[in-house]
Amino acid sequence: MRKKEGLSDYRYFPEPDLPEVILKKEYVNSIQNSLPELPEMKRRRYENMGLSMQDVLFLANDINVAKFFDATIAKGADVKLATNWIMGDIAAYMKNEKVSINDIKLIPRELAELIASIKGGTISGKIGKEILFELIEKGGTVKGLIEEKDLVQIVDPAEIEKMVDKVLSENPNQLEQYRAGKTKIQGYFAGQVMKLSKGKANPGLLNKILQQKLNASS
């Protein structure tokens with residue numbers, strides 16, 4: 001009932017037909033560096049970007065989605081905005097159509113361009129969504145679609161002011177209701193101006209001018 005504690009107790013000895021394999025540190029490092037980014041490392045990298053755990057898990061759990069996201073931000077897109085577009089409208093489209101991100105026609109460079117166009121005020125967020133779905137289904141470029149469909153956002157205050165004046169003059173009853181205290185009707189006027197501008201009026205500028213007009217003495 002003796003105990004076996006060491007190699008000699010087990011009668012271990014080197015196998016003469018199996019020579020010792022010595023791996024140099026450089027070789028081990030080269031193998032390690034050739035490995036793809038592991039999911040846990042990817043999750044940590046996304047966390048360090050300031051993304052929420054929900055965002056991190058969504059992006060990191062699908063390698064193709066992760067590649068698309070990485071390629072988009074590599075083109076200069078805002079990290080959070082890129083995440084929102086991918087997790088929102090793009091993910092919804094893929095779910096409804098039962099396709100993967102590799103199946104859509106939209107490419108990372110154009111998503112980055114779309115984000116930049118909205119952020120820079122060239123187009124509105126509403127127009128951006130319309131362009132997005134066309135890019136997903138048919139491909140193309142953001143700049144090409146903006147030019148083709150004349151979608152550049154209206155940022156000229158004078159032009160927006162004319163549209164606001166037109167809407168207010170055509171809706172005297174609603175204007176009277178607003179000035180009587182029914183301020184929620186402001187959304188109606190904003191909607192009418194957007195309709196008149198075919199969705200191209202800059203929302204911030206529109207609301208500012210509309211507010212000034214509505215609060216001006218009659």
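Me: I would like to start with two helices: at what angle do helix α10 (residues 172–179) and helix α11 (residues 186–196) pack, and how far apart are their axes?

Reply: Helix α10 and helix α11 pack at an angle of about 145°, with their axes 10 Å apart. Here an axis is a line fitted to C-alpha atoms, for helices over the stretch in contact, and the angle runs from 0 to 180 degrees between N-to-C directions. Helices are DSSP runs (H or I, at least four residues) numbered from the N terminus. Please keep in mind that this is a predicted model, in which local features need pLDDT of at least 70 and side-chain atom pairs count only at pLDDT 80 or more, while totals for chains, interfaces and linings use all residues. Residues are numbered from 1 along each chain as its sequence is written, and side-chain values use heavy atoms, with hydrogens and water left out.

Me: Which residues make the contact between α10 and α11?

Reply: A contact means heavy atoms within 4.5 Å. On the α10 side the contact is made by Gln174, Leu175 and Tyr178, and on the α11 side by Gln186, Tyr188 and Phe189.

Me: Is Gln186 buried or exposed?

Reply: Burial is read from the relative accessible area (buried under 20%, exposed over 50%, partly exposed in between, with a 1.4 Å probe and protein chains only). Gln186, which is found in helix α11, has a relative accessible area of 16% and is therefore buried. Not counting residues up to four places away in sequence, Gln186 touches Tyr178, Asn207, Leu210, Gln211 and Leu214.

Me: Which side chain does a polar contact of 3.1 Å join to that of Gln186?

Reply: A polar contact is a pair of N or O atoms within 3.5 Å; within protein, one must be able to donate a hydrogen and the other to accept it, and residues adjacent in sequence count only if both atoms are side-chain atoms. For Gln186 the partner is the side chain of Gln211. Another case is Glu170 in helix α9 (residues 157–170), whose side chain makes a polar contact of 2.7 Å with the side chain of Lys166. The C-alpha atom of Glu170 is also separated by 94 Å from that of Pro19, a residue 151 places away along the chain.

Me: How should I describe the way α4 and α5 lie to each other?

Reply: Angles under 35 degrees count as roughly parallel, over 145 as roughly antiparallel, 65 to 115 as roughly perpendicular and the rest as oblique. Helix α4 (residues 63–74) and helix α5 (residues 79–97) pack at about 140°, their axes 10 Å apart, and are therefore oblique to each other. Their contact is made by Val65, Phe68, Phe69, Thr72 and Ile73 of α4 together with Val79, Ala82, Thr83 and Ile86 of α5, and these residues divide into seven nonpolar, two polar and no charged.

Me: Is the crossing of α2 and α3 left-handed or right-handed?

Reply: A crossing is left-handed if the near helix is turned anticlockwise from the far one by less than a right angle, and right-handed if clockwise. The axes of helix α2 (residues 39–48) and helix α3 (residues 53–60) come within 9 Å and cross at roughly 140°, and this crossing is right-handed. Lys42, Arg43, Tyr46 and Glu47 of α2 meet Met53, Val56, Leu57, Leu59 and Ala60 of α3, giving six nonpolar, no polar and three charged residues. The charged residue Lys42 counts as buried, at 10% relative accessibility.

Me: Where is Lys98, and what is its phi?

Reply: Most residues other than glycine have a negative phi. Lys98, in the loop between α5 and α6 (108–119), has a positive phi near 55°, and at 73% relative accessibility Lys98 counts as exposed. Lys198 has a positive phi of about 60°, lies in the loop between α11 and α12 (203–215), and is exposed with a relative accessible area of 70%.

Methods
Nonpolar A, V, L, I, M, F, W, Y, C, P; charged D, E, K, R; others polar.
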